[in-house]
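Student: I would like to learn how to read the features of a protein model. Could you walk me through this one?
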Amino acid sequence: MIEDLVKIHDKFSVEIKLGFYARRKQPVSDFAVNTWIFIPNSLDINRGTYQKADFYRDLKSNIRLITPSYLLRDIADKEKPPFSLLENALQQLASDPSRTRTAEYEYHIRMFVSIVKSSLREEIQHILENGLDEDLDYLVDNFDNCINNIAANFRSLKRIINVPSISRELMNYYFFGDEFLSNLFEQHAFKLIDGLKKKGHLTGDIREKIMALIHAEINYKKEKGYQVVEKESPNRNRNLVFRLSLLKKYAENELFLNTNQRRDGVWIEQVYLSIAAGLSMVFATAVAFSFQQKYGNFTMPFFVALVVSYMLKDRIKELTRYYFAHKLGRRFFDHRTDISLSEHEIGWSKESMVFVPESKVPGEVLKIRDRSAILEADNRNNREKIILYRKLIRLNRQSLDECSLYPTSGMNDIIRFNVSNFIHKMDNPIVPLYSPGNNDEIETVKGEKMYYINLVLQFKNEDQLDYKRYRIVLNRKGINEIEKF
């Protein structure tokens, strides 16, 4: 199964999060994602102005394991994983602080806080999308109790490793996790208040309960010397923002997979190029032999034939290379990325990018693109440019199970696509419009000039064949919104 989430990452970047879920009883799972990007002709993005290198420079991909899924109430239970696994790792470290035990201790801290983060996000989403209003108070109470229990359980672990055998450096790993957890509790509590407020479900009692949780975490961080938000910060809390970023990277490091990228089909490409060189040499040699037999050596016709055959040989070689390269591009990909973790080969990913004519786009994709009548009429003269970005993924179920002690359902491919190259030839973002005002005075109204880039994604996995369409609304100031159809 393939899941997707498309959202704005920043003013000039779109984030496409693809989740690839491998079946547990299937040794190998294959996935394919084809993305057609429809670009307005006025942006002047084409084969001549936007090369493959430009596209991949604008593309950034982070491949990581899907965070193991646990209910928040199970994380709060001291007798169940993942807390029981974490506690056991700390007990073993205190007794034997070897390299192996240290690595396991740090691994379980990172996995625990990452699991808590994912669970908090899912719990808040469930509360906000809960259709039973009578259960809202119960769900918020459960959220509050679980956070308090998780915090108390994790903070009680400090005494296990507060022993002479544990160095300050090892203690710091625990404190990093503690600080990250406290930040998670505070941030997600704010998100819950904001979400309930937008839904119109934020009562006084609920607000008071969640704010009490927030104040408790802020006071705890001050007590421990952790950084907190300062309203009157002279440098706009830049140090806090920087530290939050470092803590996030540290905590989620165990989920990121090792990747080794290389060109795809290199050997086949060399074989085809050798064939092209051989064909051109056959032609030149045949011409030379035939003229030599007819006119003999050291004659003017033979000399002219050699020159002409040499000229044509190079052209034949280049044309044959072009033909083979075109055929090769259809069958092979631009890059192949081998994916591994802890010496386990999890699978591989392949990707390719090419401009395609509309005649090569499947009818189903054009139907989902769904141009309006005026756009269809304009497209006859100013055709949209279409980029096809292909992605092929293969995952090995056994390797996924062996690379982690936690249940692993698959991997996420988080793609960030920067659109800065698309805005160079855009018009001014503000267009003056005119309207009759009072006493028939002419009033000038500011209108926004927007451009629309359409994405049609096709997902293939076993019996799954799904299509999704998104529209990026942007101008010279950046991305305004992403619409889902």
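Tutor: Gladly, and let's begin with helix packing. Axes are lines fitted to C-alpha atoms, for helices over the stretch in contact, and angles run from 0 to 180 degrees between N-to-C directions. Helices (H or I, at least four residues) and strands (E, at least two) are DSSP runs, numbered from the N terminus. Here, the axes of α4 and helix α7 (residues 168–199) come within 10 Å and cross at roughly 5°.

Student: What should I know about the model and its numbering before going on?

Tutor: The model is predicted, so local features need pLDDT of at least 70 and side-chain atom pairs count only at pLDDT 80 or more, while totals for chains, interfaces and linings use all residues. Residues are numbered from 1 along each chain as its sequence is written, and side-chain values use heavy atoms, with hydrogens and water left out.

Student: How are α4 and α7 oriented relative to each other, parallel or antiparallel?

Tutor: Angles under 35 degrees count as roughly parallel, over 145 as roughly antiparallel, 65 to 115 as roughly perpendicular and the rest as oblique. The helices α4 and α7 are therefore roughly parallel to each other. To sort the residues of a contact, Ala, Val, Leu, Ile, Met, Phe, Trp, Tyr, Cys and Pro count as nonpolar, Asp, Glu, Lys and Arg as charged, and the others, Gly among them, as polar. The contact of α4 with α7 has 19 nonpolar, four polar and four charged residues.

Student: At what angle do α4 and α5 pack?

Tutor: Helix α4 (residues 99–129) packs with helix α5 (residues 136–156) at about 170°, and their axes are 11 Å apart. That makes α4 roughly antiparallel to α5. Contact means heavy atoms within 4.5 Å; on the α4 side the contact includes F112, V116 and L120, and on the α5 side F143, I147 and F154 are among the residues. This contact of α4 with α5 divides into 12 nonpolar, two polar and one charged.

Student: Is C146 buried or exposed?

Tutor: Buried means under 20% relative accessible area, exposed over 50%, and partly exposed in between (1.4 Å probe, protein chains only). C146 counts as buried, at 4% relative accessibility, and C403 is buried too, at 8%. Over the chain of 485 residues, buried ones make up 44%.

Student: How many disulfides does the structure have?

Tutor: A disulfide is a covalent bond between the sulfur atoms of two cysteines. The search looks for a pair of cysteine sulfur atoms within 2.5 Å, and over the whole structure it finds zero disulfides.

Student: Which backbone angles deserve a look?

Tutor: Take phi and omega in turn. D44 has a positive phi of about 55° although it is not a glycine; D44 sits in the loop between β3 (28–39) and α1 (52–58) and is partly exposed, at 27% relative accessible area. R236, also not a glycine, has a positive phi near 55°. R236 lies in the loop between α8 and α9 (238–252) and is exposed, with a relative accessible area of 75%. As for omega, a value of about 10° goes with the cis peptide bond joining P81 and P82, and P82 is in the loop between α2 (72–75) and α3 (83–95).

Student: How far apart are D205 and D137 in sequence and in space?

Tutor: They are 68 residues apart in sequence and 8.9 Å apart in space, C-alpha to C-alpha. D205 belongs to helix α8 (residues 204–224) and is exposed, at 62% relative accessible area.
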